[in-house]
Each structure stands twice: as structure tokens, then as C-alpha cells.
Amino acid sequence: MKNKHKILITEDNFIIALSMEEDLKEMGYNICGKVTTGEDAIEAARKCNPDLIFMDVLLASDMDGIEAAHEIKKFKDIPIVFLTGYKDDEIQSRIDNFAPAGYLLKPTGRKEIESIINSICTVSN
Amino acid sequence: MVQSNEIVMFIMGIGVLIFIMKNSEELVYIPHHKLLLRSFYVLLGAWFFTNIEALIATQICNIAEHVCYVCSSILLTLWLFRMGFKKEEAE
Amino acid sequence: MTILTLDIVAFIISTAGLVALLWNWKYFSKCNLALLFLFLLSFTLFYNFCLIIEWGGITKVLDPYENMAGAIIPMTWAFIFYALIINNKNTRLEESHGNLKRTLHSIGDGVIVTDPKTEIKIINPVAQNLTGWNSEECLGKELQEVFKIVNTNTGERVQNPVKEVLQNGQTVGLANHTTLISKTGEEHAIADSAAPVKNANNTLIGVVLVFRDITEKYKMNQKIRKKTKNLQEYKNRLEATMKLGNLAWWEYKLDEDNFLFNDQWPKMLGYNPDKFEKYADFEKLIHPDDHERVKTAKNNLEKHGEMYRIDYRIKTNDGNYKWIYDIGNVTARNSRNAPIKTNGVVVDITDNKRVEERIRSELQQKQTLLKELSHRTKNNMQQISSMLSLKATRSKNTAVQKALDEIKERIYSMSLVHKMLYDSQNLSRLNLGKYINRLVSHFRRAYSKNIQFKVSINTSKIEVLIDTAIPLGLIINELISNSIQHGFEKQDKGEISIGLTSSEEGIIVDISDNGQGLPNNLDFDQYSGMGLKIVKGLVKDQLEGEIYFEKSQGMKYRIIFTQKQYKARV
């Protein structure tokens, strides 16, 4: 899973996205895109074909992260990790419905990012 | 001197008077019946006087008798006039 | 001599009577009396004549005739009286007969008189009209041939009351729902009654049937019954609906001081309606705190005709208070335009009020919560800032200290947003002008160098959401610290200007300094120092705006963005 693998970041908060990007780059991954809306995420997924997507649930667009994830799944089965800073029962049930590869609670540290990627790798392997 | 015809007259007159009294209810319906009846009463009076003049107060009774004749005629005539002309007016 | 005069007078008068008789011969002959009177007068005249002659002493030859006349005269009188009586009887009979006929003709009801064999003897014009039979046609016919009656509802033949009268000998009263069918088939609703006619010996000699066309009355009655039924239905419906909606009506006639209301009002409150008669009975149940208000409102309605709309508490039978909404208006005025009648409706809004209360308290709670949140966020940030301070003071490394200080400044610009939100009444919007002013005040204190800060806020009404304020704060912080560190690197003093304007393009923030600007060989777009990278990212990605820079005498930055409509998250 390491090296040359592409990751797509969907996060509307620039600084958090920047921070994640830096962490992932240090871990040796390629960032094929940093988008802020669900629609952009779908397009970016189509174009750059990432191996993993970090998807923020609450986005600044009409389409939220979970909806975008559903759309992406329709054409490609890419593992998606949800990022949520705020959770309630409705969001929780929608996340569970989708059954993502994993989810992280913001604010995330590098350690959490690493461990979740590892767990995904072991699953796929 | 009581004359027989005068008595007869008087008695017949009484008979009529009785008739009048019996039918007094009906007679009331005659228009101006009082005039007619009084005319007869006065006439009866005359006959009364002519009968008793033989007995008492000859002169007075005689005069009374003739006065009664006059009054009776007056009343009868009045009645006739009343009946006749009143009806004419009414018509 | 006098006697003779009297006799002559009598004679003359009798003659006059004769004249009168002859003059009115036609009239007297009508009564068959003419001849009799002629007879009488003739004999009376003759008698008088004889009396005159007797006195004149002329002759005694008329004596026997005189006697005869004397006998005949009273007889004649008798005959006259008798004839007069008979005559009168007949006249009276005829007259009363005529009167009777006329009366019968003028009666507005139909009258038919039959004999005991139900043969028609008399039928008046109204009866002829209603039965459709002519008098000549039906005289002698049996009643049921002419008088055909049926039951209005069933159409069955009904026995005519005459038969009943003949059977019982009693008056038979009006029957209901009888319809008379005329000869031509016309139908009339009638009311009829029949009575026996008895003679002096109490024998039944006939029956008199009286009847009247009551079609109009019948129709009218039907209409009235229907209207009454409709009205009753309407009333029931109204009452039921009002009950359902927990409504009651009231009416107050000012000129009569009469207060009317429906039972629903006392019932609504759990009282017996019988105990309530006037307004005072209700008034005393109003909550003491609401008393004045209600009184004032009622006064305004009655004196000035202002619409009456008020909610107040009223005591129920179990001692609690219900909330009532009372609405009323003037519905009638007198000739001087003063109100004389007011009508209104009363609604139970206790449940509504409860909900209202609950919502209000929940809103209150929410607001308190939001405030708390802002407060805590600010506090947390301060904590972080403090921890950084502690770390900085313990570190000997100036680079570390500088880094930590930079972070502290960034944190400050964010926590200031939360602090201002907490302090203001508005929990989601921030006045941008005020924010910039406060931020700059902080910079003045924070930077030791002799820097002059000029702030010009051209529009004081810009309010931004927290989602805009935070990135903007970071941007401003970044650019200013950049200017201080790099722009005035070689200087001891300088000037930084910050401007805020609003235009059609959006909100414009200008930041400029009179420092040395960027090193000449560096391109702004390529320059990827952390601070400017963050600034560019924040402007483009978060604010979705544009940033322009100019390098004249120092750096000039211009940021343009529009207020985004953020999705409501809370």
C-alpha cells in the first residue's frame, strides 16, 4: 500500500486538509487531490482514480460526504474513510449504512491516520 | 137610551182589543204601530162614551165621543201619511 | 154646534186619509192592505157623514146604514190588524231570509247545508268555487257526489263529516290533512267541520258543513316547519362545532346591560351554566394580575369601538387557571354612532400557551447553550495558548519560542471570534469592522516594534458568520505578521494600513505596509512560505474569494470575497 499509492482528500477546512496532506506525504503517499465539495470529490475520484479516499462527512456543499461516497461506489469500489468532527444518531446510522472502510473523529493525529491505513491494508491483503 | 147597535159596536171593539192584546208582540213590528193602535183605542173610547152617555154626564160624553172621532181620524190619517210618504222617501 | 164642527172636522180628516191612501195606492196594494183600508176609510167616512146629517137633522133615513157601518168598522179594524200582522210576519221572514242568504253569500268559508238524507239544500259561492259545482247543478244531489275529500298524505278517500254528524248528532271538528278534489280535479287542502241543525223540538233537520281552503296556510306551515327544523339543525351544528373547537360565544347589549353567552363557556371551565347570569360572574374569575388589562381592553371596545383581543387567565372549577383568548368587536351602533352591541368569541388556548412556554424555554436553553459553547471554546483556546506559553518560556531555543508565539497569535485571532460572539447578542454573526478593530488593538499591544496601525472601516454594517470570520482572522493575522517580520525586517518602525469596504464585487479587505516588500527575485505565486500558503489556501478554498497583491512601496494585498450561505449545521 505504500509508495506511489494515491490518496484523495475531501475536506472543506483548508488547514486541516493541509495538515493531513503533509502527514500523508511524509508517510510516503501521493496526494492526487484536495477537494472541498462532494461534487468535486466525485469528479476527482473519476479522474485520478485514487486507492483511498479520506472523506469529510460535513461539507460546505449541498451534497455531503456520505452522499458523495454512495455516488463514487456506483462506479468504483474505492475504500473510503470518513472524517467526522460532529456526530449524531442520524449521521451515525447513515455512516453505518454505507459501511465504509473506516472512520476517524476529528481532530486526527498522524498516529490515527497511520493505524487506519494499516488496518485497511491488512483487510485487503 | 142605549142603542143596541152602539153596544154591538162597542162589544166588537172589545173583541178587537182582545185580539190586539193577544198579538201585541207581533203588532210591534208594524211600522209606527203606536199611531195606528192609538187611533183604534181612541175610536173604542168614542164608542165607550156613546154608550155611557145614556147613563151619566150626557153632554160631556157626547162631546167626548165626537172629539174621539176627530182624534181617531187624525191619528189614522197621520199613520197613512207616515206609511205612504215615508216609504216613498225610503225608496 | 160644536158637535157638528167636530163631525165635519172628522170627516175632512178622514178624507185626507183617503187621499193619502189613494196617493200611495201602489205601496199599500203591495201589502194587500190597500183594499182593506179603502174599505175602512170608506165606511168611516160614511159613518162620519151620517153623523153630520144626523145632527143636521136632515133625515133619519140613513140610520140603518149608519148602524151597519157602525158594526162593520170594528170588524174591518180587526181584519186590518190581522192582515198587518200577517204582512209583517212575511216581510220579516222574507227579510231574514234575504239576510241569511246574503250572509251565507258573504261568508269567506264554504258552507253547504244538507238535509238528513245528505241532499244538498244550500251551497254558498265559496263552496261552489272550491267544489267546482254550480248551485243549480248540485242542489238536491247527495253530498259525497259533490264534496270529495281525501287524506293529503295517503290519498285515501275520507268519510265526509256530515255522515258522522248524522250518526252521532254531535258537531264534528276540523280534521287534519284533508284535501278536497273539485269537479275539475283541482286539489285544495281544507279544514272542515260539520254541525247538526236542530229545530225547536231538538230533532235533526239538517247538517251544516263549513270548510276553508288552507292550502296557503298549509304550505306556509310546511315552510315554517322546515325552516324551524333547519334553524334547529343549524343551531345544533353550531353548538357542536363550537364545543369541538373549545369555543364559546358571548354578546353584550350595552343599552340594555344584557350579557348573553352560550353554555359552552362556563362548561369549558368546569362550572354549572346555571350559576352564570351576568358578566360579573365571569369577571370575578379572572386572574388578579390580568384584571386591569382585561378591564382596559373592554373599556376600549365599548367606549371607543376598538377591536377587543386579549388573552388572560381565568379560574376553573378545580381551582386552576386556564388561558383564554377573548376576541370581540362592535356589531351594532346607534344613530349617534355609539356602540350598543358587542359580540365575541372565547377560545381555550391553555394547550397553546403550554406549547408556547415550552418553546420559549427551549429557545432560551438553546441560546444559553450556544453562549456557553462560545465561552468554552474561547476558554479552551486560551488554555491551549497558555500551554504554549508555558512551553515557550521553558524552551531555550529561540526558534521554538518564535514558532510557539506564532501559533499563539493564530489561536488568538480565532478565540477573539468566539469571545465576541459570546459578548454580543447575536450568536452566529459578527460585526467584521469591530472584529478588525479589536484584532488590531491586540497587534498594537503584541508587537514591540514601533508600528503604526491605521484602520479604516468604510462600512460598519458588515456582519459575517463564524465560518467566514475565522479564516479571515487567520488571514489578517498572517499577512500582518508577515509584514512585521519580513517587510520591516530591516526597519525599526513602519506603518500598516487595514481597510474594509463593501462593493458590488463583495467584501474587500485591504492590507498594506510601507516596508521593503518581497525580495525582488521572488514571485508571489511561487512563494510557498507556510504563512502565505495558508493565506492563499484560506482565501481560495475557504472564502472562495480572490487575493491580489501589489508590490509598490511595500506590500499591498487585496482580498475580495462574498458572504457564502453556509448550510445550517446547528
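How are H1(B) and H3(B) oriented to each other? In this predicted model, helix H1 (residues 4-22) of chain B packs on H3(B) at an angle of about 150°. Angles over 145 degrees count as roughly antiparallel, so H1(B) and H3(B) are roughly antiparallel to each other. Their axes lie 9 Å apart. The crossing of H1(B) past H3(B) is left-handed. H1(B) contributes Glu6(B), Ile7(B), Met9(B), Phe10(B), Gly13(B), Leu17(B) and Ile20(B) to the contact. H3(B) contributes Leu37(B), Leu44(B), Trp47(B), Phe48(B), Thr50(B) and Asn51(B). By class, the residues of this contact are 9 nonpolar, 3 polar and 1 charged.

Confidence in chain B was also examined. The mean pLDDT of chain B is 83, and 91% of its residues score at least 70. Helix H3 (residues 33-52) of chain B has the highest confidence, at 89. The lowest is found in helix H4 (residues 58-90) of chain B, at a mean of 81.

Chain B also touches chain C. The contact takes 30 residues from chain B and 29 residues from chain C. On the chain C side, helix H1 (2-23) and helix H4 (63-106) each supply at least two residues. That side of chain C has 18 nonpolar, 8 polar and 3 charged residues.

Helix H1 (residues 14-27) of chain A crosses helix H17 (residues 530-542) of chain C at roughly 125°. Their axes come within 9 Å. H1(A) and H17(C) are therefore oblique to each other. The crossing of H1(A) past H17(C) is right-handed. From H1(A), the contact uses Phe14(A), Ile15(A) and Leu18(A). From H17(C), it uses Ile534(C), Gly537(C), Leu538(C), Asp541(C) and Gln542(C). These residues divide into 5 nonpolar, 2 polar and 1 charged.

Chain C also holds an open sheet of 5 strands, paired antiparallel in the order S8-S7-S11-S10-S9. Strand S8 (258-261) and S9 of chain C are the edge strands, each pairing on one side only. Neighbouring strands of the sheet are turned by 25° against each other on average, direction ignored.

Lys253(C) has Asn258(C) in S8(C) as its bridge partner. S9(C) and S10(C) form a hairpin with 5 residues between them. In its turn, Gly319(C) has a positive phi of about 95°.

S10(C) also pairs with strand S11 (residues 339-348) of chain C, antiparallel and over 9 bridges. One bridge partner pair is Gly328(C) with Gly344(C) of S11(C). S10(C) and S11(C) likewise form a hairpin, with 5 residues between the strands. Asn337(C) takes a positive phi near 65° in this hairpin.

Helix H12 (residues 291-304) of chain C lies across S9, S10 and S11 of chain C. H12(C) runs at about 145° to S9(C).

Technical notes:
Residues numbered from 1 in each chain as written. Chains lettered and ligands numbered in written order. Predicted model: local features only at pLDDT ≥ 70, side-chain atom pairs only at ≥ 80, totals over all residues. Pairing = 2+ DSSP bridges. Helix = DSSP H or I, 4+ residues; strand = E, 2+ residues; numbered from the N terminus. Contact = placed C-beta atoms within 7 Å. Nonpolar A, V, L, I, M, F, W, Y, C, P; charged D, E, K, R; others polar. Axes fitted to C-alpha atoms, helices over the stretch in contact; angles between N-to-C directions. pLDDT = per-residue confidence, 0-100. Parallel < 35°, antiparallel > 145°, perpendicular 65-115°, else oblique. Left-handed = near helix turned anticlockwise from the far one by under 90°.
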